[in-house]
Amino acid sequence: MIDKRVFLIVLDSFGIGEMPDADKFGDEGSNTLRAIYKSPKFSCPNLEKLGLFNIDGVELDKSIKNPKASFAKMKEASNGKDTTTGHWEMAGIISKTPMPTFPNGFPQEFIDEFSEKVGRKVYCNKPYSGTEVIKDYGKKHLEEGGLIVYTSADSVFQIAAHEDVVPVEKLYEYCQIARDMLKDDLGVGRVIARPFVGEIGNFERTRNRHDFSLEPQGPTIMDSLVENNYDSIGVGKIYDIFAGKSIKETHPMKDNKDGMDITIKLMDKDFKGLCFVNLVDFDMIYGHRNDVDGYANAMTEFDQQLGLMMEKLKDDDIVIITADHGCDPSTPSTDHSREYVPMLVFGKDIKEGINLGERKTFADIGKTIGQIFGLDSPISGQGFYEEIKR
């Protein structure tokens, strides 16, 4: 076995500028990095040293002469801009057919069948902001005990319920029922439990969110790693995104800081293989709520913890930092944005300052991980390990 560890860190929604087809997704002009860079809360010296601002198309006058990482601009080949599609692609699955969305809500016959199966009424059934939907339907939910079902521009079926009305485990049970029903033309990428607490006029979503994803529709780099007796560790919602497939160890997290704390602690663990990390707060708490300063501050906090991680790197460790889509918090939209994403790769055995240009697909990351471990993985993508290894 090859004695290496790869830490793949996904900064959920950290886009670096609109893709050429952004107009088809209603995302013209989106640029998540540019939006938060303007905030006084943004300070990311470690990302700057690694070469974030040297990436092609990042025109913020902060490029440096000798970046410590190799770097690339990643283009999404899949037809989408959601979490599941983005993560699946970087793991090796290119989704040419978009996952279904429901801008007018789910078919009434489906809602009726779901309502009958769970034994509760269903309210809303249309695209809605997650914070606004509990404001508008929370009182009715408390009085009658029905479920608040809503969607968004993404391929999701979301169920909100007050934890005093529907215990969290029961809500998860309802979500699993929906997941089992939502197949074929109704096969959304994720069913999401959205529990909340509080009083009328002061509701607040809790950290007990849970995603129920489709199982990956093809081979992933994690499949190859597990088949060859390497470790496959997930931090955050990685286990949920891949429906647990080939994720042999999982570490739920409370927030971004906790996720990085867990990752840094895992650096002390004796393992060989992949540690796949998702830091969701950038997207869930700041991007979707159009909180520019909050997003910028969260990036600053990540950068500080990244510094700690860089100090702990072992000789055979490799770190890859990337994202799954954009979510520009400065635009009128609160949805994901169709953007390029950054890729920074570094480690003691990785060349510094190699510009890998614009990659045609996120899947190049998964293919490269396979090359690092000497695996001929049957996934999409063109690896770049030969270009960056010392």
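Predicted model: local features only at pLDDT ≥ 70, side-chain atom pairs only at ≥ 80, totals over all residues.
Local features need pLDDT of at least 70, side-chain atom pairs count only at pLDDT 80 or more, and totals for chains, interfaces and linings use all residues. Residues are numbered from 1 along each chain as its sequence is written, and side-chain values use heavy atoms, with hydrogens and water left out.

View 1. Helices (H or I, at least four residues) and strands (E, at least two) are DSSP runs, numbered from the N terminus. Along the principal axes, the C-alpha atoms fill a box of roughly 65 × 45 × 40 Å. Of the 390 residues, 59% are buried. Buried means under 20% relative accessible area, exposed means over 50%, and partly exposed lies in between (1.4 Å probe, protein chains only). Take the contacts between residues at least 6 apart in sequence: 70% of them join residues at least 24 apart. Contact here means heavy atoms within 4.5 Å.

**View 2. Strand β1, covered on both faces.**

**View 3. The partners of β1: strands β12 and β11.** Two strands pair if DSSP finds at least two bridges between them. Strand β12 (residues 317-322) pairs with β1 in the parallel sense, over 6 bridges. There, Arg5 stands opposite Asp317. Strand β11 (residues 273-279) also runs parallel to β1, joined by 7 bridges. In β11, Cys275 is the bridge partner of Phe7.

**View 4. Asp223 in helix α7.** This helix covers residues 221-227. Asp223 has a relative accessible area of 8%, so it counts as buried. Its side chain makes a polar contact with the side chain of Lys245, at 2.8 Å. A polar contact is a pair of N or O atoms within 3.5 Å; within protein, one must be able to donate a hydrogen and the other to accept it, and residues adjacent in sequence count only if both atoms are side-chain atoms. Leaving aside residues up to four places away in sequence, Asp223 touches Gly218, Lys245 and Ser246.

**View 5. Asp283, His288 and His336, a "binding site" according to an unreviewed UniProt entry.** These three span 54 residues in sequence, yet no two of their C-alpha atoms are more than 8.2 Å apart, so they gather at one spot. UniProt positions follow the numbering used here, feature names are shortened, and annotations may be inferred rather than shown by experiment.

**View 6. Asp283 and His288, buried or partly exposed?** Asp283 lies in helix α10 (residues 281-287). Its relative accessibility is 4%, so Asp283 is buried. Beyond four places in sequence, Asp283 touches Asp12, Ser13, His288, His325, Cys327 and His336. His288 sits in the loop between α10 and α11 (292-312). With a relative accessible area of 25%, His288 is partly exposed. Its contacts beyond four places in sequence include Asp154, Asp283 and His336. A polar atom of the His288 side chain lies 2.6 Å from the backbone oxygen of Thr334.
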